[in-house]
Amino acid sequence: MEIVIGKSAGFCFGVANAVNKTNDLLNTSEKSYCLGELVHNNQVTDELQKKGLVIIDNVEQAKNNIIIRSHGVKKQIYKKAEKLRLHVTDLTCPKVIKIHNIATEYSNNGYYIFLIGQKDHPETIATISYCGKNATIIEKQEDINKGLEKFYNSNIKKLLILSQTTYSLEKFDSIVSFIKEIIQENAELEVKNTICDATRLRQEETKKIASKVDMMIIIGGKHSSNTNKLYNISTKYCKNCILIETKDELSLDYIKQFEKIGIMAGASTPQKSIET
Ligand code: F3S
């Protein structure tokens, strides 16, 4: 049996930075408070919780300190944290901060913004707060017409398209092409593909490996956006794909029947889960 492991599998630099800095904090303080899960991976979360990380749902639950995770948070959260005199450790990924800055700049310059991403994903919820009131989240093709209607009704003539960092490259391209085809001629369109390099690399490598193997194993959190995208990509190129969080979900009898197996892991999957 041949096993091909993706070179880009595992933690991206944004997640690695967040996990390392949180570990450093936990070595020096008894408890640190994180707004939502630090990363979308149960094994990493469990380990950090054992060391004293407390996951909270709202800022008011924090005591003395708060960690902002790599997905970022709504801009109002910073004000709340300041009011509550919390010490803020901001671990928002620089790639996400870059999108917040672009959104702020274009919104201030009078653009309407389409943010392509999952409506319920924490990164999208955070980014939309930087887009001003003239903005719409486009998750699927069906959202485009409604979004364009709102854009035309706003009487704004300039439209910016942005993306969540972990969105599917293929879906982003197809949504943008569709908008370009149907948008009114007098509208000025600017497109910024803000899917991050870590996502791009992992998606491209998954496609390459999945087209060459008999079976694909994707390792990562089942609630992780980027891991799910890798699984969806694999299913397009390989007939036998599974998504697992740990090796305990693997049946050796099942995988023994395949000659060539590919392995990929999401950007929030620790090396430990891949190696074991
Ligand atoms: Fe940052 Fe992209 Fe990772 S936005 S946290 S480098 S998946």
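A residue counts as buried when its relative accessible area is under 20%, and as exposed when that value is over 50%. The structure is a predicted model. By that cut-off, strand E12, which covers residues 260–265, is mostly covered, with five of its six residues buried. The points below begin with this strand and its partners, then turn to the ligand, the pocket and the cavity, and end with individual residues.

**Strand E12 and its partners**

- Strand E1 (residues 2–5) runs parallel to E12, and four bridges join the two strands.
- Within this pairing, isoleucine 3 stands opposite isoleucine 261 in E12.
- Strand E10 (residues 215–219) is also parallel to E12, and five bridges join them.
- Here isoleucine 218 stands opposite methionine 264 in E12.
- As a general rule, the side chains of a regular strand alternate between the two faces of the sheet.

**The ligand and its shell**

- The ligand sits in the largest pocket.
- The residues that surround the ligand are Cys12, Phe13, Gly14, Val15, Cys93, Lys95, Thr165, Thr166, Cys196, Ala198 and Thr199.
- Six residues of this shell are nonpolar, four are polar and one is charged.
- Helix H1 (13–28) and helix H8 (197–210) each supply at least two residues of the shell.
- H1 gives the most to the shell, with three residues.

**The largest pocket**

- The volume of the largest pocket is about 310 Å³.
- It is lined by 25 residues, of which Cys12, Val15, Thr165, Thr166 and Ala267 are the closest to its centre.
- At least two lining residues come from each of H1, helix H4 (94–108), H8 and helix H9 (225–237).
- The lining of the pocket is made up of ten nonpolar, twelve polar and three charged residues.

**The largest cavity**

- A search of the whole structure finds one cavity of 30 Å³ or more.
- The largest cavity holds about 40 Å³ of space.
- Its lining consists of Ala198, Thr199, Arg202, Gln203, Asn226, Leu230 and Ala267.
- H8 and H9 are the elements that give two or more residues to this lining.
- H8 provides the largest share of the cavity lining, four residues.
- Three residues of the cavity lining are nonpolar, three are polar and one is charged.

**Threonine 45**

- Threonine 45 lies in helix H2 (residues 42–50).
- Is threonine 45 buried or exposed? Its relative accessible area is 6%, so threonine 45 is buried.
- Threonine 45 and serine 29 are 16 residues apart along the chain, and their C-alpha atoms are separated by 17 Å.

- Most residues other than glycine have a negative phi.
- Arginine 85 is not a glycine, yet its phi is positive, at about 55°.
- Arginine 85 is found in the loop between helix H3 (75–83) and strand E5 (87–90).
- Arginine 85 counts as exposed because its relative accessibility is 75%.
- Asparagine 155, likewise not a glycine, has a positive phi of about 65°.
- The loop that holds asparagine 155 lies between helix H6 (143–153) and strand E8 (158–163).
- With a relative accessible area of 60%, asparagine 155 is therefore exposed.

Technical notes: Residues numbered from 1 in each chain as written. Predicted model: local features only at pLDDT ≥ 70, side-chain atom pairs only at ≥ 80, totals over all residues. Heavy atoms only, no water. Buried < 20%, exposed > 50% of the residue type's maximum accessible area, 1.4 Å probe, protein only. Pairing = 2+ DSSP bridges. Near = heavy atom within 4 Å. 1 Å grid on protein atoms, 1.4 Å probe; cavity = no way out; pocket = protein on both sides within 12 Å on 5 of 7 lines; lining within 4 Å. Sits in = over half its atoms within 2 Å of the grid points. Nonpolar A, V, L, I, M, F, W, Y, C, P; charged D, E, K, R; others polar. Points joined across faces, edges and corners; volume = space filled by probe spheres on them.
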